[in-house]
Amino acid sequence: MSTPLPKRKGPLGWDEAADLEKPPARIPEAAETDVPAELRERVEALMKRYPDRRSAALPALDAAQRVHGWCSPEAIAQVAAVMRVTPAYLASVATFYDMLKTEPLGRRYVYVCTSVACHLRNAKAVHDAIEYEAAAQGLEDVDIREFECLGACDMAPMASVDGRYVGPLDTSDAAELVSAIKEDREVLPGRGLPDAGFKLPWEDSR
Amino acid sequence: MTESLQTKVLTANLDIPDLHRLDVYEQQGGYASARKAVLEMSQDEVLETLESSGLRGRGGAGFSMGKKASFIPKGTMDKFLCCNADESEPGTFKDRLLMQRNPHLLVEGIVIGAVAAGANRAFIFIRGEYSEQADILDAAVDEAYAKGYLGKGVFGSQIQVELAVHRGEGAYICGEESALLDALEGKRGNPRLKPPFPANQGLYQGPTLINNVETLCNTPLIIEKGADWFKALGVGNSTGTKLVSVSGNVQRPGNYEIELGISAREIVYGLAGGPLPGREIKCWFPGGSSAPVLEPADLDLPYTFEAMAEAGSMLGSGAIIVVDDSVPIVGVALRLAEFYRHESCGKCVPCREGTNWTVKMLQRLDQGMATPMDLDIVASVQENIIGNCLCVLGDSMAMPIGSMIRKFRPEFEGHIEAARAAADQAAAVGEFSAVELAATPDAGAGVG
């Protein structure tokens, strides 16, 4: 997990024009595709959960993304070999969903909600402060982006750090949030939705 | 006083520690309703109870839950129940609370819903961002399987209910029921042409009932206490309680469970504390960001499906977003339009192009490159989206933006004037002119 992702250099993967002379990629041969054993097991287990194996496409790509850091052509080929579908089919799925990354943007993520409810509570400034701090502290391998409504408008403005919701945030939290990620500490302990006894600041005043 | 405005039925037990554990949930009488529905009631009795309770879908459309379940054809084929837990409507966070704190209530509701629809396979489609809640649901489903409350022969009966939690990967459109089915089948989440409706041809072409989390969570209470108890709550055709998510410029954002029919003012001021000191409410969304905005005077309306529709808006998912007078309405409109542009799946032209052009025109307006005539064009774009697509995503932008332009036209015009003056001044002192700004890729754009 610790190897840094390749830095993006120029057009890559999906931005390249298709080579129309080349025949489309077939389903990769299972014997010729090297798939990490754990990933293979996971994808096979996922396929069994559904009446139609293709239903496993989303969770399988998610599992591959956890291994590779993004839905790289290699990750897609591995899932395609196990699921017995074409890489093009999986690429069509991966490019549709926001949480499936088709570029190496970072293994960890900070999604800062900047949708309407958070917008009303200054979310853009919080996002910009986090981005500024990340650059200042040299934070790498983290995908920091504005995100659509994360369903936590009571915590606005808020962010999801690898799935853990933290908030309400202020621009002054940015430095600590970034250094906690950098040093692999828990981000803003006590202010995450799953934390024991989590309360919104105004909840005691009811 | 704030507590007395709430009617806690769905959320009554939420403060009990470890309620997410099956044993704790059962100590509170949990799974008695599912047991009753499976062992003591026929499918028709369950359907009849749900229908006569008047329970309406809590996801947005507000359609009768019992009636929807009754559309599922009878027969021995595989039938499906999908719980829509994709809660992505901006401003909505009620299902998150229910799933996080009381996951077994949802599992129990799914068993009851499956009995009503005669479904043997069920899925919870949860948005990928809710990873923590999905883990909680996974654990609850495992516990229910271990106890024999799910699987073959639930509660020792002949009924089979298989349930799996399916995580989305971040797409608002998957909250639309037919797009949800495509995503569950492992495809891009594009809405389908209807008819055929999911009740006849849904998941894997089989009959499928799709219900929101809160809707299903109401069913154990209705089976336990009866349709008449539920009907006694609320007013008219808006029966029961509603979990309302209040957000935006209020003092106490949060989820509040109210009896349908109390005034919106009681929710916004009584429960959520009203706007911050010194601020006035400019407008409010009564049912998520897709609902046309209402004015402060409309706060005295009863919060019901009917009253919100009569006022030209909708109760939708029950998410009230309050906008105060410190916020420029143009910024809110632009933010909304950017959201819908990003989330449009691109299948239907009016939505794909309409959301894109709305963003571009609102940006021009914000950058001092528009005239008041442009407002008419923005408004006409909205009119050409509504009703012209396979699903209502485009409408969901067109309705609130259209309502903002209608209700706040003087502010839009003032914004245009001010932005033009600022752009002219900047050009005069040699800063970037509006034209140069427009030539910069993505100038002024946010998410996209």
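I began with chain A, where the C-alpha centres of domain 1 and domain 2 lie 28 Å apart. The domain assignment of chain A gives domain 1 as 34-104 and domain 2 as 108-194, and such bounds come from an automatic or database domain assignment.

Before going on, I noted that this is a predicted model, in which local features need pLDDT of at least 70 and side-chain atom pairs count only at pLDDT 80 or more, while totals for chains, interfaces and linings use all residues. Residues are numbered from 1 along each chain as its sequence is written, and chains are lettered from A and ligands numbered from 1 in the order in which they are written.

**Domains of chain B**

I then looked up chain B, which is divided into domain 1 (2-232), domain 2 (234-324) and domain 3 (329-439). The C-alpha centres of domain 1 of chain B and domain 3 of chain B lie 38 Å apart. Their contact takes 9 residues from domain 1 of chain B and 7 residues from domain 3 of chain B, where two residues are in contact if their C-beta atoms, placed from the backbone, lie within 7 Å.

**Where the chains meet**

Between the chains, I found 40 residues of chain A in contact with 49 residues of chain B. On the side of chain A that touches chain B, at least two residues each are supplied by α2 (57-68), α4 (87-94) and α5 (116-119) of chain A, and the largest share, 4 residues, comes from α2(A). Helices (H or I, at least four residues) and strands (E, at least two) are DSSP runs, numbered from the N terminus. By class, this side of chain A has 22 nonpolar, 8 polar and 10 charged residues.

**Helices against α8(B)**

I next followed helix α8 (residues 131-147) of chain B, against which helix α6 (residues 94-101) of chain B packs at an angle of about 40°, with the axes 8 Å apart. That makes α6(B) oblique to α8(B). Axes here are lines fitted to C-alpha atoms, for helices over the stretch in contact, and angles run from 0 to 180 degrees between N-to-C directions; those under 35 degrees count as roughly parallel, over 145 as roughly antiparallel, 65 to 115 as roughly perpendicular and the rest as oblique. In this contact, B:Arg96, B:Met99 and B:Gln100 in α6(B) meet B:Gln133, B:Ile136 and B:Leu137 in α8(B), and by class there are 3 nonpolar, 2 polar and 1 charged residues.

Helix α7 (residues 103-117) of chain B also meets α8(B), with axes that come within 9 Å and cross at roughly 55°. These two helices, α7(B) and α8(B), are therefore oblique to each other. From α7(B), B:Pro103, B:His104 and B:Val107 meet residues of α8(B), including B:Ala140, B:Val141 and B:Ala144, and the contact divides into 7 nonpolar, 1 polar and no charged residues.

I counted 4 bridges between β9(B) and strand β10 (residues 319-324) of chain B, which run antiparallel, and B:Phe285 stands opposite B:Ile321 in β10(B).

**Backbone details**

Last, I noted a cis peptide bond that joins A:Gly167 and A:Pro168, with omega about -10°; A:Pro168 is in the loop between β4 and α7 (174-182) of chain A.

Terms used:
Ala, Val, Leu, Ile, Met, Phe, Trp, Tyr, Cys and Pro count as nonpolar, Asp, Glu, Lys and Arg as charged, and the others, Gly among them, as polar. Two strands pair if DSSP finds at least two bridges between them.
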